[in-house]
Amino acid sequence: MARRYFTPLLLLLLAACTPSANATEIAATLPPGEEPIYLAIIWHQHQPVYYKDPQTDLYVRPWVRVHATKDYVDMAAMLEQYPEIHATFNLTPSLIRQLDDFAAGAKDIYWAYAETPADQLTDEQRQFILDRFFDTNREIIGRFPRYQKLLQKRDTSENALAAFSEQDFRDLQVLFNLAWVDPDWLAVEPLATLGEKGEGYSEEDKADLFAEHLRLIQEVIPLHRRLQDSGQIEVTMTPFAHPILPLLVTSQLAREALPEIELPSQPFIYGQDATAQVELGVEFYKEHFGQPPRGMWPAEGSVAQEIVTMVSQNGIQWMATDEGVLANSLGFEGFERNSSDTVLDAETLYRPYYVQGARGEPLAILFRDVVISDKVGFTYSGMTGEDAATDFVARIHAIRDQLQQSGAEGPYLVTVLLDGENAWEFYENDGKEFLNSLYLQLSADPLIQTVTPSEFLETAPDWETIDDLWAGSWINHDFSTWIGEEEENQAWDLLAETRVFLQTFITGENKERVTESQLNEALEQMYIAEGSDWFWWYGADQNSGNDDSFDQQFRATLQNVYAALNVEAPTDLDIPITPQIAAIPNRPVTGLISPIIDGLVGEGEWARSAAYHDKLNLYLGLDSQSLLVGIEAIPSSEDEISIYFSLPGNLPAMGRAESGVALGFPAEVRVRLNLEAETADLMIVDSGVWVVRYQLTQFKLREFTNVDLGEFRNAELVVPFEDLGNLETGSSITLRAFTESQATPEKGPAQLVVPDLGTMTVLLEVTDPWGDDHGPGTYTYPQDAVFDAGNFDILNFQIGVEEENVVFKFVMRGPVDNPWGSPNGLALQTFDIYVDRDHDGEGGAALLPGRNLTLAEGFAWDFAIHAEGWTPGIYALTADGIEQVATSSEFQILTDPGQRKITIRVPKSLLGDNPEDWAYAAMVMSQEGFPSGSVMRVRDVLPIAEQWRIGGAPAGSSNHTRVMDLVWAEAGVQEEWLSNLTVTSTPQVDLTAVDFAKIQMFLIE
């Protein structure tokens, strides 16, 4: 791509407002040839707009408050100990607005429940505390012995609500809020005494604790303003509600990086809102810091050529994004690195550029080093703080060395930019050792000079200009995290519908119906709804563990737009985009059933069905063609029961039961049981109302009398799959039964996955030894409670064929659950299957990256099937290396938690037609979303297990396997093979097949 040069007026503006020494002055103090490399460290501090319940005036989440007490004050205050260190802090308006509110007396529900005297807590409040007051890293809980004991008590009690004493609850109220305070403040009064006390807290102890919380909240903005005024830090801003600016200009910009992406049905094109978001962010900054902002971190580093004018015309002089955006702006996919992760084309990355809009001054733009930034965010927490800091500094020196070797003439700037609040709870002691060691080493190093971007730009030469800035973010240099998945697109459609309606009050037919204050309130709620955070949690690519809460807040914000306009909101906003979390059955489905439909819900007939025991007992089963429902203990006073179904497809839906109660999911089909007439009507949605389609023929009631229950009825019915959308294997059915007074299941809808209906012809079955989920014999599970016994223990493996597919099945000893919400229900495990079709020795010897295994002589894989929750694929080995030949849309992964079974169907058109002649290897590992370098998404093994790391690796080893269980029938063979290697510490990227243990493949005899 062509580049051009010019000298901008920007430099004069910057020089007028920056009091500290610039890069030229600093370089002049050093001997010739010893010019420093410059380092900009930018900490991005952000929280989304949390919903504030209008009835209680309480925020529903505590994260603004507790990150203020643990991170925001401390991160800035620490710098005062290192006056040579200059850094930048980005504070978003959505964070500042809520800090202002807390500083003025607002509270969150966690705070209110913690202040409530323990002897006055309701059962609902006590349950909330049990559920939510352990919401922190387990290592932090471990720092407080009493907190750890309370966690163990909760997790091991059959009824924790009854098991916890009044003192247990009071201690938990205090300890949760102590744990979310930075260790520096815990070491001094007034909290040092509370921390030393450890347990037996009184109601009076809470006063000192929450007074300190309030003090720290009130200190955040003044501290940052003082440090900026002194010249040690620069504070930057983000547009008002943290929106993805390019997608507000036009959602079609998502296609620049991903031409085939599925976009919402209605394009969102509101550039005026993007401009308003920037203008409001600038004004908000001025109000709090007494001067205009110079720099901007666009939300999620999201940029495009289309936003340049609106940014520069609002006085912003520089902004930052990711190195992937630079690479694509210059016409290539990414920066090449050597075996030490050092960028080879360093002179291209480590410099500012300018972008020019249609109007306004040129805008400087910086691009962060993604590897070093991610090391701080995700990797260094697994090292000692001093070692991590030393590695960080060594990487900056390696960049400087690379620049000198290439003869590049500076000055050059390395930008390290990441979230400033989320990483530290994973570090020992909140990252104190790392940050102090890093700042100390940088202070003493004359060849690395920390600067703010504005300081560096004062000395800028005639930087090159990018003609067309790529439309992308700091995640994969695209916008796929916020748009493109079904849930995300549905949210964008609701956003667009609301914005179109709002426009009628701005320039259209409803302009005269509202006052200026009403319109301003509606616009503010609209801008908040345009924030990126809602879309971040939609879809399967991110999971908060509480996505339904963010969904509710998003839809409530859109409803607030209508409320501000004094208009009733559409009923579509009642329907969750993220379906309510399914209730856990008392018993899962374990197989197909064939009961006699006579109203006798006998345990024998329904023994393999799912069972939900509430005030009503609900049984859900399947045969090869139908869904079967059994209901026990229906009070004689009930006249009607309705069962609502959520089905695959895009059919008209309703979000509320006939009584007006929210269903928790969109329902396309309703079965209404008239208990007096003994009929069952199947109903569908037509023009916003339920209409009867026909009566089910297989429905039977039976009346009973019981000493305890009195008179009651049981019901059995059959709903054919063809009336539920011709469901196929792997389809999901969500349902819930409602009487006049209650829902069953009570805690959430029931969910069933249509199982494999037994059409496979088995070619091979391997019974794998029980309890060999220990790799070479020494591996132990990570310590986090999400990992359960047997998660990685394969008990049975089958290979079979259907008419069009080759089918692979794993049965596990432990749970196959989905704690992080993957698209296919597979979150903890990663399965690999290797196929050698011709036994010619040509193909892959080493397995996929990071498995650290190689095939024995005579075998070589032609295809590798990689099955996991988020990025499954099928790979082949070509002359250019490993190449992906199929994505998740081209083969099926079906998880059946009830039977602890994973079924993988691969079309014969991909693999071939003679699977009985092939050789195979199969295994399970632990899925890892943030893997080490040169490792394909599986978890590391360390000598000693940690929260998120497997234990049992040889000391000093880099070439040990990450496989937990290898399919092989004979006991002891796996352990012998996986441990047969010569330990080396060669970096993973430089390991080859000769460094790995060897395994055999098995044949179908």
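In the predicted model, arginine 215 lies over the face of tryptophan 185, at 5.9 Å from the ring centre. The charged end of lysine 153 likewise sits over the ring of phenylalanine 164, 5.5 Å from its centre; a charge is assigned to a ring if NZ of Lys or CZ of Arg is within 6 Å of the ring centre and within 35 degrees of the ring normal. Residues are numbered from 1 along each chain as its sequence is written. The model being predicted, local features need pLDDT of at least 70, side-chain atom pairs count only at pLDDT 80 or more, and totals for chains, interfaces and linings use all residues, while side-chain values use heavy atoms, with hydrogens and water left out.

The structure holds 55 aromatic pairs, where rings of Phe, Tyr and Trp (its six-membered ring) pair if their centres lie within 6.5 Å, and planes under 30 degrees apart count as stacked, over 60 as edge-to-face and the rest as tilted. The rings of tyrosine 50 and phenylalanine 550 form a tilted pair, because their centres are 6.4 Å apart and their planes stand at 50°. These two residues are 500 residues apart in the chain. Tyrosine 50 counts as buried at 5% relative accessibility, and phenylalanine 550 is buried with a relative accessible area of 9% (buried means under 20% relative accessible area, exposed over 50%, partly exposed in between, with a 1.4 Å probe and protein chains only).

The rings of tryptophan 492 and phenylalanine 535 are stacked, since their centres lie 4.5 Å apart with planes at 20°. Both tryptophan 492 and phenylalanine 535 are buried.

Notes. Helices (H or I, at least four residues) and strands (E, at least two) are DSSP runs, numbered from the N terminus.
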